[in-house]
Amino acid sequence: MLLRLSIALFLTLTAGAIVYWRQTPDAEVNVDPDPALGAAAEDAFQQGIAARTDAVSAKLKFAQAADLYSQLIKNSPSPSLFLNLGNASLLADRLPEAIFAYQRGLQIFPDDEALRRHLSYARALVAYGPSEQGRPADDAWPLWLPTPRTLLHWGVLAAYAFGLFFLVRTWMTRRCKPFLFACLSAVAFLFLAALPHFFVDDRPSVVIARDVPLRLGNAPSYPLHPELPLLARGMEAHLIAARGDWIFLQLSTGQLGWVPADAANQIGAMSRVGKPACNGIVMARLAGTASWN
Amino acid sequence: MIVTVVEQAAGLLRKTYIRRSLVLVSLILVASPARAQSIDPPVTRPLDFSDLVGAYRIQSTANRSEVHVEQPVLLKVMIQGKGPEKYHPRLEKLNIFPTDAPEQFFIEPMPDLTRALPDKDVWEFTFRLRPKSTDVTHLPGLKLVMYNPARRKFQPSYADAIPLTVIPALEPDIKLDLKVVQAPDSFYEIRPLTHPSHWREYLTAGVLFGMPIACLAWYLAWRRRHPDGENVRARRRSLAARTALGRLQTAKQAAEVSAAVAVYLRDRLDFPAHEATAPEVRRFLLRWGVSRQCAQQWSAFLADCDAARFEGRKPPLAERLSHEAMTLIQALEDHSCSSV
């Protein structure tokens, strides 16, 4: 009986491991970046740096570098590429794209210190109102410490390893005590693996691409939001729903409202332990292959 | 007083109807001057009334005859005339534009350009009009509605519409934002495009998929190294056997060996007698289901113990007995496990 139960537990743990792996960013396909494209992007970036005093040509070069980095990221996401893309976008005065690049990088590589630092700087450049409505909370987590997502990930792996260890001990000794520990470890593994699905906000995020009025309805005839009538470029919000050419947003300070979809063309999943949890429309929009309708 | 005089005169006439007529006429004469002196307009007024009392006329001029869409035209309105000071023309009271004018123009009054010359009976007001589309062909005609107390009626005065040519709006003059983006030096550094370290992925994959394989390998290796591990575990399950084996390892005399065996049989198999004699143990084991050969070995062993105890043999004999007792106990445990 004990042997059968332990075998069933072993199969449960293995199945849970497969499901968990499918959700982790580690399952993403990583391909080496195209060296020619990478060299062209770096060259454009260097030319932008060389032309720092000439605003027009510097912006053009940085924008060119940002476009090249965007192409590279499609096939081989890496923290370096996201950082370079964000820097090039910010120096090209494309603040919303910069914030979006840093955010996407942190989704996959949450412990990258430079990405977190640069995202904080880019957020400080957004023109929030005097009351600072819509400003996301500052990242108070220490830069040197692994993020909660990472700690949770290691906790899941540890519980899984302990479960397997005690199962083997159960087979060796045929005693109930190791089996009890194995059961506890398995419960801990399943609980920790499922925890993000209950407590982590996985709604797609929106970065406002241009200054746009926030309305109470999905048409220009609706009145402006009484607390936050205008969303500045670079502001971040959660996507709640889409209807026609309008999207329904919620800002981090709680305001709800509608903006035209073309004013928020930077979409992505905000935070999840696993893969970016975007729906099909959002991902297609991100890839530029579909409209909102 | 007039009425009294008239009544007295009528009394002289001594005709009632003449007297009443004269009283009525006198009342009309008394009331008429009072009504003629009121300058306030009646309560019921036209919607476009400009709160103006007196006799006035209106004229308008424009500073331009051709404008782009949404470009301004200054419309100067001049009102000339006389009236009581209380009802002189005022900008905030003027209601001179037709009702459809806001559909064609953005209309803004300009109080800073208002000129009032009451001593010359002239008032000038200025409005800034911006046409909304190229469909507009005229600046609107104006209508000034006033109240004339002399004629006791509302009278309008008109200003003709002014032709206006509206041409399409100019393209907005967009200037490039030449602001140089300021950022810390770290934003100007390129991080090398080396492939990211895969240690995290390898570790995750190793734990998730390597661990079950490693555990199975570990268990198989353990089984290979301990082929009778289960038997050992089954033998050790019996506390009585472990205790007896421990006592037998330290036994120096045949009496101690015999006592340890008796305790084992009593604790392990519920042997009822306090002293284990060979015939009793043989019968008990046979009843318990042990093979006849094993029971015979136990019987022979206990007979040897009795002989050693009562004949006082040397310790080497005790060691042999204790080794023999351990072998018998293990054989009995194996039998009990296999029977279970």
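A salt bridge is a side-chain nitrogen of Lys or Arg within 4 Å of a carboxyl oxygen of Asp or Glu. By this rule, one salt bridge is found across the interface of chain B and chain A in the structure described here, which is a predicted model. The pair consists of Arg191(B) and Asp112(A), whose closest N and O atoms are 2.9 Å apart.

Chain A was examined as a whole. Its secondary structure consists of nine helices and seven strands. Of the 293 residues in chain A, 49% are buried. The accessible surface of chain A is about 13600 Å², and carbon and sulfur atoms account for 62% of this surface. When contacts in chain A between residues at least 6 apart in sequence are considered, 63% of them join residues at least 24 apart.

The interface with chain B was described next. The size of an interface is often given as the accessible area lost when the parts come together. For chain B and chain A, the buried area is about 4300 Å², with 69% contributed by carbon and sulfur atoms. On the side of chain B, the residues that lose the most area to chain A are Phe187(B), Arg191(B) and Leu193(B), and together they make up 18% of what that side buries.

In terms of residues, 40 from chain B are in contact with 53 from chain A. Six residue pairs between the two chains are in polar contact, counting pairs in which both residues have pLDDT 80 or more. Two elements of chain B, helix H4 (199-225) and helix H5 (229-236), each give two or more residues to the side that touches chain A. H4(B) gives the most, with 17 residues. Sorted by class, this side of chain B has 24 nonpolar, six polar and 10 charged residues.

One residue of chain A, Phe62(A), was examined individually. Phe62(A) lies in helix H3 of chain A, which spans residues 55-75. Its relative accessible area is 2%, so Phe62(A) is classed as buried, the cut-off being under 20%. Leaving out residues up to four places away in sequence, Phe62(A) touches Phe45(A), Gly48(A), Ile49(A), Ala88(A), Leu91(A) and Ala92(A), together with Tyr188(B). The neighbours of Phe62(A) therefore include a residue of chain B as well as residues of chain A. Phe62(A) and Leu90(A) are separated by 28 residues in sequence, while their C-alpha atoms are 8.5 Å apart in space.

Notes:
Residues are numbered from 1 along each chain as its sequence is written. Chains are lettered from A and ligands numbered from 1 in the order in which they are written. This is a predicted model: local features need pLDDT of at least 70, side-chain atom pairs count only at pLDDT 80 or more; totals for chains, interfaces and linings use all residues. Side-chain values use heavy atoms; hydrogens and water are left out. Helices (H or I, at least four residues) and strands (E, at least two) are DSSP runs, numbered from the N terminus. Buried means under 20% relative accessible area, exposed over 50%, partly exposed in between (1.4 Å probe, protein chains only). Contact means heavy atoms within 4.5 Å. Accessible areas come from the Shrake-Rupley method with a 1.4 Å probe; for residues, only the protein chains shown count as cover. Buried area is the accessible area (1.4 Å probe) that two parts lose on being put together, summed over both. A polar contact is a pair of N or O atoms within 3.5 Å; within protein, one must be able to donate a hydrogen and the other to accept it, and residues adjacent in sequence count only if both atoms are side-chain atoms. Ala, Val, Leu, Ile, Met, Phe, Trp, Tyr, Cys and Pro count as nonpolar, Asp, Glu, Lys and Arg as charged, and the others, Gly among them, as polar.
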